Amino acid sequence: MKKICSLLFVGVILLSTVSCSDDESIAESGPITLEFDNVVGATNLQLNTTNTPYTNAKGEAYKLTWLTYYVSNVKLKKADGTVFEDPIKSDGSAGYYLVDENDAASQEITLKNVPAGDYTEVTFTIGVDASQVDQGAQTGALDPAKGLFWSWNSGYIFLAIEGVSPASTETENVFQYHVGGYKADAASSQVNNVRTITLSFNGDTAPVRAQHEPEVHLLFDVNKFFNGTGEQVTFSTNASRHSPKACETLAGNIAASFVVDHVHAN
Amino acid sequence: MRTAIVFIIGLFLFGCGSEGISPADTAYVFQQPSNFPPATYTFENNPVTKDRFELGRALFYDPVLSADSTIACANCHQQVRSFSDPVHKFSKGVNDVSGFRNAPAIQNMAFQAHFFWDGGVNHLDFVPINAITSEIEMAESLSHVVTKLSRSDVYREKFENAFGTGEVSSQKMLYALSQFMNMMISADSRYDRYIRHEGETLTADEAAGMKLFATKCSTCHATDMFTDGTFRNNGLNETFAQDSGRARVTESADDRGKFKVPSLRNAELTFPYMHDGRFRTLQEVLNHYAHSVKESETLDPALKQNGALGIVMTDDEKAKIILYIKTLTDRNFTNDKRFSNPFLN
């Protein structure tokens, strides 16, 4: 046994030497930043305003007190069609990002070691899908202690939007929409509210180079979310939603709420 | 490059060293019973070690997990009853609040795909989150538990031993609790020793009960897990206003009144029975299936064959089935010192 192990040992060292010798020829790479800017129509979103400055398509005034969502599975496509996938770790320590309107730093997601090239399109997921949740306890952005985890019907809240509207019949006129639910399977009729969104840079390119740090400026428009094709929200009914099916139509509004506004080549 | 070599040498040493594992260490190795289905748990993310297991054991018995430090997991999951509640039909949470379902046994968790009566949780790591954060159980937040554990020198040392860093996180806490529960395997009942040909025999009545069970009960209480893991309406009620069961999770009317088929392992110890703990004895349970199954839209078809409700059983047949079910009692499990309260040792 000892002899076999020793042989194996030598073999493994040789193998590792060979595989590591490629390190020198690593192609040029650089960072790229995706900025997620939350807006209401043409104005920048402000949380916890003293009045209710915004109005949905139903004519109901409102303000927001919280907006947060999970971004993951980020992919960048070059003009030549090649795709860079932001690496994901099974314990959630990489590849998952929690964008929170209360935390300016969280709204800038910087991907590092992106191969140099001219990128023209981004794909990302809002939510946390089965392949990740099924790995068990998570850390990083997915630490369930962050409070965006449903305990009784386990899984993450993908997007939480909370506020106040005089139209709401809930206590203190609040509304709370917690969109989650990933356990889709035919047998149980559960819904999958994970949404994957692909946005082109509208003819612009983001040039990733060792010396360039391009920034893609994305907008999430709260009014588009409330006034989408999945459901036109009225705060007057069902303004407290905390389950997958209750938010299925709202999940249908997510994709069209995001746009790429512009790209800084830097 | 250097890290790569060190890592590979580490792997290599570990691989060759595992030959000489001492018997004491096997107590903390996950061992798959030969008559069980494959484990469902993601051991690749959280391999069992003694230190992690012992950390999980301490957490399981420590009321620090609850808001006012009065309720530990073990309050409602006691070993003598195969980790079910020995006292209450509905377990008591903090401030003496009552739950609304009977606390299920904790056993053979590594083999299950769904947890809780409604199956709302589908990974063992997330099971404690439900109990810790539920207002009617421990009424605590995960982040505050992490804070409390971080303040404790004793726990920081346990985390250090278990995970190589004294930094407490919810993930490490949940990993440790899973380790403890993963090792809670009940596979050493008289039935197991009989079926694995380990020198055990069944009495004539138990053997007769086994045959009856196969025709009358094993549609749902299938395999050596004694459950098929599905959700079924077993005819307890005609309407489900009080507890819609699986529908609470799936939000589907088709699932109203359905609950997870429980394993019958250690059923002798896990009374009272059903999600609402309405039956005190196995005799009452079998009487229900024989005589009092109630019709409803989601009633399981297995309980309405040829237009007749329930399962046809004579009193003699019921008695034999109960004798057979009692062969599933595993005292080696309920007496296993590894799972006992570490604060009493």
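I began at B:Pro272, which sits in the loop between β2 (259-260) and α11 (282-291) of chain B. Helices here are DSSP runs of H or I with at least four residues, strands are runs of E with at least two, and both are numbered from the N terminus. I looked up the peptide bond from B:Phe271 to B:Pro272: it is cis, with omega near -5 degrees.

A note on the source. This is a predicted model, in which local features need pLDDT of at least 70 and side-chain atom pairs count only at pLDDT 80 or more, while totals for chains, interfaces and linings use all residues. Residues are numbered from 1 along each chain as its sequence is written, and chains are lettered from A and ligands numbered from 1 in the order in which they are written.

**Domains of chain B**

I looked up the domain assignment next. Chain B has domain 1 (22-186 + 334-344) and domain 2 (190-329); such bounds come from an automatic or database assignment. The C-alpha centres of these two domains of chain B are 27 Å apart. Their contact takes 26 residues from domain 1 of chain B and 26 residues from domain 2 of chain B. I count two residues as in contact if their C-beta atoms, placed from the backbone, lie within 7 Å. On the domain 1 side of chain B, the touching residues are nine nonpolar, 13 polar and four charged. Nonpolar means Ala, Val, Leu, Ile, Met, Phe, Trp, Tyr, Cys and Pro; charged means Asp, Glu, Lys and Arg; the others, Gly among them, are polar.

**A helix pair**

Then I took helix α2 (residues 50-60) and helix α6 (residues 153-163) of chain B. Their axes come within 8 Å and cross at roughly 150 degrees. Axes are lines fitted to C-alpha atoms, for helices over the stretch in contact, and angles run from 0 to 180 degrees between N-to-C directions. So α2(B) is roughly antiparallel to α6(B) (over 145 degrees; under 35 is roughly parallel, 65 to 115 roughly perpendicular, the rest oblique). From α2(B), the contact uses B:Asp51, B:Arg52, B:Leu55 and B:Ala58; from α6(B), it uses B:Lys158, B:Phe159, B:Asn161 and B:Ala162. By class, the residues of this contact are four nonpolar, one polar and three charged.

**Positive phi**

Where is A:Asn48? A:Asn48 lies in the loop between β2 (43-44) and β3 (54-55) of chain A. Its phi is positive, about 55 degrees, although A:Asn48 is not a glycine. A:Asn48 counts as exposed because it has 12 C-beta neighbours inside 10 Å. The cut-offs: 20 or more other C-beta atoms within 10 Å is buried, 12 or fewer is exposed, in between is partly exposed, with C-beta atoms placed from the backbone.

In chain B I found B:His197, in the loop between α8 (190-195) and α9 (204-216). Phi of B:His197 is near 55 degrees, positive in a residue other than glycine. B:His197 is exposed because it has 7 C-beta neighbours inside 10 Å.

**B:Phe231**

B:Phe231 is in strand β1 (residues 231-232) of chain B. Is B:Phe231 buried or exposed? B:Phe231 is buried, because it has 23 C-beta neighbours inside 10 Å. I also looked up B:Asp118: it is 113 residues from B:Phe231 in sequence and 7.6 Å away in space, C-alpha to C-alpha. Leaving out residues up to four places away in sequence, B:Phe231 touches B:Gly119, B:Arg246, B:Asp255, B:Lys258, B:Phe259 and B:Lys260.

**Chain A overall**

Chain A has four helices and 16 strands. Of its 266 residues, 37% are buried.
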